[in-house]
Amino acid sequence: MPVNYPSEFQGFAITDPKDWANPKLTSFQPKNFEAHDVDIEVECCGICASELFSLKNEWSDAPLKCLSSAYGPKSQVVGHEVVGKVVAVGSDVTLCKVGDRVGLGAQCFSCMECPRCKSGNEQYCPKAVGTYCAKYADGYVSQGGYASHVRAHEHFCFPIPAGLPSELVAPLQCGGLTVYSPIKRNIQGVKDPKVAVIGIGGLGHMAIMISKALGAEVTAISRGYSKKEDATKMGAHHFIATSEEGWENGLADTFDLILNCASSTTALDLDKLLPCLKVNKNFVSVGLPHIGEVFNVRPFTFFSNGCCIGSSKLGNREEIIELMKLAVEHNFRPWVETIKVSEAGVSEGLTRLDKGDVRYRFTLTGFHEFFGT
Ligand code: NDP
Ligand code: ZN
């Protein structure tokens, strides 16, 4: 099916969360092309666990937004670790040009005018729009990067340094940025920082490498021992399996940051984890579980060290550009298994990620061959 670009894009879409594992090839209308918009011809796209939650509709009590969208597709394409080539730019675009290789993560729009946008916190802009499953002000529901093309505001199209292979740089666009931002914001200026990373999956494995590159002593915390050897190869100095009785002994007052990258809270024992922080330090949870899950923690647990629990969303443009530079300078790369894009390939990637059968990120590749772009 040849792509009728620019009037139509093609992508792998679902209409019913029950079919989450089997997105079907679909043609769809992109959003209206605005003056700051950029069209990216997709080369490859990572698969993030957020896509599983979105496709299964596990982050919401309401039906899929696209089903009630004011205009645009009544089906949903996901994908938000995109690398591709700029093929069209709006009249006011200055940050990239046709032919550039760019990355796009999980955010495709913000207002650029509010205090948050103006202070390097555009990911928290009240008008922010996510790259997929999110409503623009005009009612269009954003469609992601498991597609021939994706349309986004120029601010969220990031220049990629030469020398970083596309399939390896794709996971940095969401997963990498999501961990880089809180690691940097929490350990900058700290002498000999110690960071613990919980949940050694897509985000967690990048968090180990990034923490190490930023000069931290890193402890990987996993549910069992199966990832110990890999975590050591990624640069972790210590490894903890929480299946081991008494794992927390001797760790009081140790970490400057605990970064939780686990996709579920069910195995988190916060009453044991939080005392491992130094005074007034942070437990930052980037993991976003099923909407029904909660944190369980005793208020008295905070009493011993005055620690805090918080979260962090994505990161800003400056941070993703810094992160890609850091990857070049420190020569670290996400551990990627590539899968050729097709209905079967998308299904395989999602199904295996759902089972935890990934070491440590999938990138869908072969978009040009598949879409004839
Ligand atoms: P992965 O599936 O690749 O990794 C998640 C890890 O969590 C697993 O490797 C595992 O680590 C641990 N885990 C899995 N199941 C459970 C369970 N039942 N209980 C406890 N731990 C479990 O996911 P990603 O790295 O792609 O994403 C991680 C989380 O981050 C997701 O919730 C995702 O939605 C969220 N996310 C948040 C963003 C943000 O801006 N805050 C942006 C992007 C993603 P181990 O085997 O070592 O225990
Ligand atoms: Zn993501």
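Trainee: What makes E15 and E16 a pair?

Mentor: Two strands pair if DSSP finds at least two bridges between them. E15 is joined to strand E16 (residues 308-311) by 4 bridges, so the pair qualifies. The two run parallel, and Phe283 stands opposite Ile309 in E16. Keep in mind that this is a predicted model, where local features need pLDDT of at least 70, side-chain atom pairs count only at pLDDT 80 or more, and totals for chains, interfaces and linings use all residues. Residues are numbered from 1 along each chain as its sequence is written, while chains are lettered from A and ligands numbered from 1 in the order in which they are written.

Trainee: Which strand does E14 join, and over how many bridges?

Mentor: Strand E14 (residues 255-260) is joined to strand E15 (residues 277-285) by 5 bridges, again running parallel. In that pair, Leu259 stands opposite Val284 in E15.

Trainee: What makes a stretch a strand or a helix here, and how many of each are there in the protein?

Mentor: They're DSSP runs, numbered from the N terminus: at least four residues of H or I for a helix, at least two of E for a strand. On that basis the protein has 10 helices and 18 strands. Strand E4 (76-77) is one of the strands.

Trainee: What makes E2 and E4 edge strands?

Mentor: Each pairs on one side only. The open sheet has 3 strands in the order E2-E1-E4, with antiparallel pairing, and strand E2 (24-28) and E4 are its edges. Strand E1 (residues 9-14) meets E4 in the antiparallel sense over 2 bridges, with Ile14 opposite Gln76 in E4.

Trainee: Why is Leu177 called buried?

Mentor: A residue is buried if 20 or more other C-beta atoms lie within 10 Å of its own, exposed if 12 or fewer, and partly exposed in between, with C-beta atoms placed from the backbone. Leu177 has 30 others within 10 Å, so buried is the word. Leu177 is found in helix H4.

Trainee: What makes strand E12 mostly covered?

Mentor: In strand E12 (residues 217-222), 5 of the 6 residues are buried. Strand E11 (residues 194-198) runs parallel to E12 and is joined to it by 5 bridges, with Ala196 opposite Thr219 in E12. Across the 373 residues of the protein, 47% count as buried.

Trainee: Which residues is Leu177 in contact with, and what makes a contact?

Mentor: Two residues are in contact if their C-beta atoms, placed from the backbone, lie within 7 Å. Leaving aside neighbours within four places in sequence, the partners of Leu177 include Gly105, Leu314 and Leu323. With those neighbours left aside, Ala134 is in contact with Val129, Val141 and Ser142.

Trainee: Where do the domain bounds come from, and how many residues of each domain are in contact?

Mentor: The bounds come from an automatic or database domain assignment, which gives domain 1 (9-174 + 335-371) and domain 2 (175-311). Their C-alpha centres lie 28 Å apart. Between them, 19 residues of domain 1 are in contact with 13 residues of domain 2. Helix H1 (residues 49-55) gives the largest share of the domain 1 side, 3 residues.

Trainee: What makes a residue part of the shell around ligand 1, and which come nearest?

Mentor: Being near means having a C-beta atom, placed from the backbone, within 6 Å of the molecule or strand in question. Of the 32 residues around ligand 1, Ala49, Gly199, Gly201, Gly202 and Ser222 come nearest. Domain 1 and domain 2 each provide at least three residues of that shell. H1, helix H4 (175-187) and helix H5 (202-213) each supply at least two.
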